[in-house]
Amino acid sequence: MNIHEYQAKALLRSFGVPAPAGRVVLRAEDAKAAASEIDGPLWVVKAQIHAGGRGKGRFKETDAGEKGGVRLASSVSEAAAETRRMLGRTLVTRQTGEAGKRVHRVYIEEGSRAEREFYLALLVDRQSSRISFVCSTEGGTDIEEVAATTPEKILTFAVNPVTGYQPFHGRRIARALDLSGKQVKQCVTLMDQLYRAFIAKDMELLEINPLIVTEAGDLRVLDAKIGFDDNALYRHGDIVDLRDETEEDPKELEAGKYDLNYIALDGEIGCMVNGAGLAMATMDIIQLCGAKPANFLDVGGGATKEKVAAAFKIITSDPNVKGILVNIFGGIMRCDVIAEGVVSAVREVGLKVPLVVRLEGTNVEKGKEIINSSGLDVIAATDLRDGAEKIVAAVKA
């Protein structure tokens, strides 16, 4: 689960992290009042969407101009005007794709003059199973590009969970960022605050870009992006309350109501599979056969007829889906339950694209009988490769 920048900063401030003061605006008529609560002489107006690259983004609507989703203002009235120009418009960035994202919230904050800018992140390192720090002197830029062209400018190290964060970790980062004097002490304290926040709130990613040195020589968090471990949200009701469903895919939200593991992709073959490993293999073989999967969907081992029907409806609701492959290996999940769910969903929503079904395992014959006697126009497959080849061929035809 992700949250907006203004929410991330408020959360970090509760752990003592230095970040500029600001106000969030949801309605255009509140913009001037919000801006007047921020001390000048500089205001920063930021569109709040769950995507990076806002500053270099562009608004689809021509009257919003091409100034991007992060703008500077030199007065309260100018900050309010920029806020009104952003609200309700669609911001396109390198992460949103051409579809863009509608701006429902704008954050007005106190401007900061930066002498230097850095990149900093904490993340869960899947290889070491530890929390890692990542930092670079190249703040405010695309860190992926820095990693590809000048990897020597990035420092990465993991923290031993037995000892946890220690002051020498902060000093190591301070050396890498070429900090001196009071900045070293501030860095040690700041890294401790960030690490404690990361642990306490079960974060998966905490990214600060940029972390700056102000004209006064102090460290300050100028932007923040936080992602949380969905499996730990039951422990954090305060974090769940921050969720903005307008930023999430409606199909993924619907899948969450039925405890389905669904992720929307940009392909044309809808997939319904049981088991994450089998789902990944199904997606891979679709790609090998010359097409792209439209989703990752694991119905799980204990799915009911209703759950399967809901999964099928979610797949068919995607306008990009040109064909569907159902690939089930019945272990705990019985093939007849899958078949009943598919038949029920098709009869309710109709079938306008080719459907290939491959069943194997528990009650496979019963499942095939349900499909065959349903009267549906279904293409049967004998194995995974056969199923992938048939659905790709059907779509291309």
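Trainee: In which sense do β1 and strand β7 pair, and over how many bridges?

Mentor: This is a predicted model, in which local features need pLDDT of at least 70 and side-chain atom pairs count only at pLDDT 80 or more, while totals for chains, interfaces and linings use all residues. Residues are numbered from 1 along each chain as its sequence is written, and side-chain values use heavy atoms, with hydrogens and water left out. Strand β1 pairs with β7 (residues 106–110) in the antiparallel sense, over four bridges; strands are DSSP runs of E with at least two residues, helices are runs of H or I with at least four, both numbered from the N terminus, and two strands pair if DSSP finds at least two bridges between them. Within this pairing, Arg23 stands opposite Ile108 in β7.

The two strands belong to an open, antiparallel sheet of four, ordered β1-β7-β2-β4. Its edges are β1 (22–25) and β4 (70–73), and because each has a single partner strand, one side of each is left without a neighbour in the sheet. From one strand to the next, the twist averages 20°, where axes are lines fitted to C-alpha atoms, for helices over the stretch in contact, and angles run from 0 to 180 degrees between N-to-C directions.

Helices accompany the sheet as well. Helix α1 (residues 5–13) lies across β1, β2 (43–47) and β7, and runs at about 45° to β7. Helix α3 (residues 76–86) packs on the sheet and touches β1, β2, β4 and β7, contact meaning heavy atoms within 4.5 Å; the direction of α3 makes about 5° with that of β2.
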